[in-house]
Amino acid sequence: MIICGAILFQVSFICAAPTNKERVIVLHGIARSSDSMETLAEFLGEQSYEVLNIDYPSTDHAMRALVDIVQHKINVTQQDPAQKIHFVGYSMGSLIVRGILFKYRPYNLGRVVMLGPPNNGSEVADFFKNFFLYKQIYG
């Protein structure tokens, strides 16, 4: 009986310690930087995830170009193609996640979390879009 218990302990220990960490891609919102998602990224890292908190020029390019820019950053840092990938996007970051899933959907996709995605656009953006200062800040 004691030998059986020791074997079960070893098996459960091996199963609980994977050789590669699951990866979480974290994407910030418009006119923000990866610094705005740093607290979340640190928390996920403490939970044993490999975290890639991506900074991207949210106001400098069209959405399609941003999807490609972010995907390139994911590709150049990806060490293990079999590693499970999760996404967390805030606001515009959620829209980029959608673009990545549409154009580059990874076969090893895990979970997707969207925080405050502007599903139907933004009434505030619609209101201010023709103001000079708004165009200077948000493109």
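Is glutamine 83 buried or exposed, and what is its relative accessibility? At 3% relative accessibility, glutamine 83 counts as buried, a term for residues under 20% relative accessible area, with exposed meaning over 50% and partly exposed in between (1.4 Å probe, protein chains only).

## Basis of the report

This is a predicted model, in which local features need pLDDT of at least 70 and side-chain atom pairs count only at pLDDT 80 or more, while totals for chains, interfaces and linings use all residues. Residues are numbered from 1 along each chain as its sequence is written, and side-chain values use heavy atoms, with hydrogens and water left out.

## Glutamine 83

Glutamine 83 is located in the loop between helix 3 and strand 3; helices (H or I, at least four residues) and strands (E, at least two) are DSSP runs, numbered from the N terminus. The side chain of glutamine 83 forms a polar contact of 3.1 Å with the side chain of glutamate 50. Such a contact is a pair of N or O atoms within 3.5 Å; within protein, one must be able to donate a hydrogen and the other to accept it, and residues adjacent in sequence count only if both atoms are side-chain atoms.

Strand 1 (residues 23–27) is largely enclosed by the rest of the structure, because 5 of its 5 residues are buried. Arg23, Ile25 and Leu27 point one way, and Val24 and Val26 the other way. In a regular strand the side chains alternate between the two faces of the sheet.

Strand 1 runs parallel to strand 2 (residues 50–54), joined by 5 bridges; strands pair if DSSP finds at least two bridges between them. In this pairing, leucine 27 stands opposite isoleucine 54. Strand 1 also pairs in the parallel sense with strand 3 (residues 85–90) over 5 bridges, where valine 24 faces histidine 86.

## Helix 3

The buried residues of helix 3 are Leu66, Val67, Val70, Gln71 and Ile74. They lie on the same side of helix 3, because they cover an arc of only 130° around the axis, taken from the directions from the helix axis to the C-beta atoms. Exposed Arg64, His72 and Val76 are on the face turned away from the buried side.

## Tyrosine 104

Tyrosine 104 lies in helix 4 and is partly exposed, with a relative accessible area of 31%. The side chain of tyrosine 104 makes a polar contact with that of aspartate 68 at 2.6 Å.
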